[in-house]
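Biologist: I have not looked at this one before. Can you put it up and take me through it?

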Amino acid sequence: MQVYNTSLQIPTYSLEPDELMGSKQLRIYNYDGSMPGRSDLLVPHRKDYYLLVFIRQAESRQWIDMVPYTLKANTFYFTAPGQIIVKEGINQLWSTGIAFTDEFLALQENASLRKLPLIQNPYNGHELQLKDTDVRFVEDLLTKICLETQQPGDFQQRMMSAYITVLLTYMSRLYTEQFTGEEPSADKLLLRQFQAKIEENFWYRHEVAQYASMLHLSAGHLSEIVKRQSGKPAIKHIHERLVLEARRLLFHTQHSLKEIAFSLGFAEASYFTRFFKRETGQTPADYRATIRKMYQ
């Protein structure tokens, strides 16, 4: 299958350096009844960093990958790089947010954070409800983190990493309580590795054999494990990821069907149309018209 560039992707925002710490890998946000910026209001966009936000009070709604979330008090929200976010409305906001990049996770002292359930997010959750005891614990940690931003010096990075490790570990425990599931087996971990490879490469690679090669397996062996663990053929996982991205682009952009088809690696728009209809029961044009009418 011919591959084309992905220049038509939805805009991606990078992390701006923290004003107090000067860090390009970590930033702390505080809103104490103030108004968030208007620049990205109603603008579909991605972030190339992780964002964790404790909401104390808010009266607004946002969309994460086409799912609406009405922001609630004493609730913890989190997103990962690459997800599409749309903010609705501008209202006063009381919250503290922590944003960090993949480079922050790559630091030696933070390497273990990648394995936490909150970061891996196997259930694709974005919202955690907090009890009173949780709120007190989180508030205390956030206070310490905010105070540390004003303590420049050799130990600031270590202190920030330590506090964030405790916070993410605590929130991961809540995650496992609110999103239950069994401990992953070796085959289940392989399924996750396969899904992670799809996330990184679906724009360019549409064949099971290509992913099997990256995982140093035969296509048949990979397909067998994926089918056994997920109940779906390996090729179905690839197709579902393509459909998800196609739906995002159809809903959030004005790009033509031909432009979307080429950006997703389809050599012909007609092939993309047949693929999308086979997978969803609708043509891309019909889906775009229906979904936009639904959310007008």
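**Walking through the chain**

Modeller: Start with Glu-139, which is in contact with Phe-54 and Arg-56 once neighbours within four places in sequence are left aside. Keep in mind that this is a predicted model.

Biologist: Which helix is Glu-139 found in?

Modeller: Glu-139 is in helix α3. Its relative accessible area is 25%, so Glu-139 is partly exposed.

Biologist: Let me step back. How many helices and strands does the chain have?

Modeller: The chain has 11 helices and 10 strands. Its radius of gyration is 21 Å, close to the 19 Å that the globule rule gives for 296 residues, so the chain is as compact as a globular protein of that length.

Biologist: What box do the C-alpha atoms fill?

Modeller: Roughly 55 × 45 × 35 Å, taken along the principal axes.

Biologist: What share of the residues is buried?

Modeller: Of the 296 residues, 44% count as buried. The chain exposes about 15500 Å², and carbon and sulfur atoms supply 51% of that area.

Biologist: What about contacts along the sequence: what percentage join residues at least 24 apart?

Modeller: That is 73%, counted among contacts between residues at least 6 apart in sequence.

Biologist: And charges? How many positive and negative side chains are there?

Modeller: There are 34 positive and 33 negative side chains. The centres of the two sets lie 6 Å apart.

Biologist: Back to helix α3. Which residues does Phe-137 contact, leaving aside neighbours within four places in sequence?

Modeller: Phe-137 is in contact with Val-166 and Tyr-170. Phe-137 lies in helix α3, which covers residues 132-148. The C-alpha atoms of Phe-137 and Leu-167 are separated by 8.9 Å, and the two are 30 residues apart along the chain.

Biologist: Is Phe-137 buried or partly exposed?

Modeller: Phe-137 has a relative accessible area of 33%, so it is partly exposed.

Biologist: Next, Ser-172. Where is its place?

Modeller: Ser-172 is in helix α4, residues 156-178. Not counting residues up to four places away in sequence, Ser-172 touches Leu-116, Pro-117 and Leu-118.

Biologist: Why does Ser-172 count as buried?

Modeller: Because its relative accessibility is 3%, and buried means under 20%.

Biologist: Changing topic to aromatics. How many aromatic pairs does a search of the whole structure find?

Modeller: The search finds 15 aromatic pairs. In one of them, the rings of Tyr-175 and Phe-179 have centres 4.7 Å apart and planes at 35 degrees, so the pair is tilted.

Biologist: Are those two residues buried or partly exposed?

Modeller: Tyr-175 counts as buried, at 1% relative accessibility. Phe-179 is partly exposed, with a relative accessible area of 22%.

Biologist: Which residues form an aromatic cluster?

Modeller: Phe-266, Tyr-271, Phe-272, Phe-275, Phe-276 and Tyr-287 form one.

Biologist: Now the backbone. What is phi of Asn-74?

Modeller: Phi of Asn-74 is near 55 degrees, a positive value in a residue other than glycine. Asn-74 lies in the loop between β6 (67-70) and β7 (75-79). Asn-74 is partly exposed, and its relative accessible area is 31%.

Biologist: And what is phi of His-216?

Modeller: His-216 has a positive phi of about 60 degrees, although it is not a glycine. The loop that holds His-216 runs between α6 (208-214) and α7 (219-230).

Biologist: Is His-216 buried or exposed?

Modeller: His-216 counts as exposed, with 73% relative accessibility.

Biologist: Last one, Ala-58. Which strand is it found in?

Modeller: Ala-58 is found in strand β4, residues 50-58. At 12% relative accessibility, Ala-58 counts as buried.

Biologist: What does Ala-58 touch, not counting residues up to four places away in sequence?

Modeller: Ala-58 touches Leu-71, Gln-92 and Leu-93. Leu-242 is 184 residues from Ala-58 along the chain, and their C-alpha atoms are separated by 34 Å.

How values were computed:
Residues are numbered from 1 along each chain as its sequence is written. This is a predicted model: local features need pLDDT of at least 70, side-chain atom pairs count only at pLDDT 80 or more; totals for chains, interfaces and linings use all residues. Side-chain values use heavy atoms; hydrogens and water are left out. Helices (H or I, at least four residues) and strands (E, at least two) are DSSP runs, numbered from the N terminus. The radius of gyration is taken over C-alpha atoms; the globule rule is 2.2 Å times the number of residues to the power 0.38. Buried means under 20% relative accessible area, exposed over 50%, partly exposed in between (1.4 Å probe, protein chains only). Contact means heavy atoms within 4.5 Å. Accessible areas come from the Shrake-Rupley method with a 1.4 Å probe; for residues, only the protein chains shown count as cover. Lys and Arg count as positive and Asp and Glu as negative; His and the chain ends are not counted. The place of a charge is taken as NZ of Lys, CZ of Arg, CG of Asp or CD of Glu. Rings of Phe, Tyr and Trp (its six-membered ring) pair if their centres lie within 6.5 Å; planes under 30 degrees apart count as stacked, over 60 as edge-to-face and the rest as tilted.
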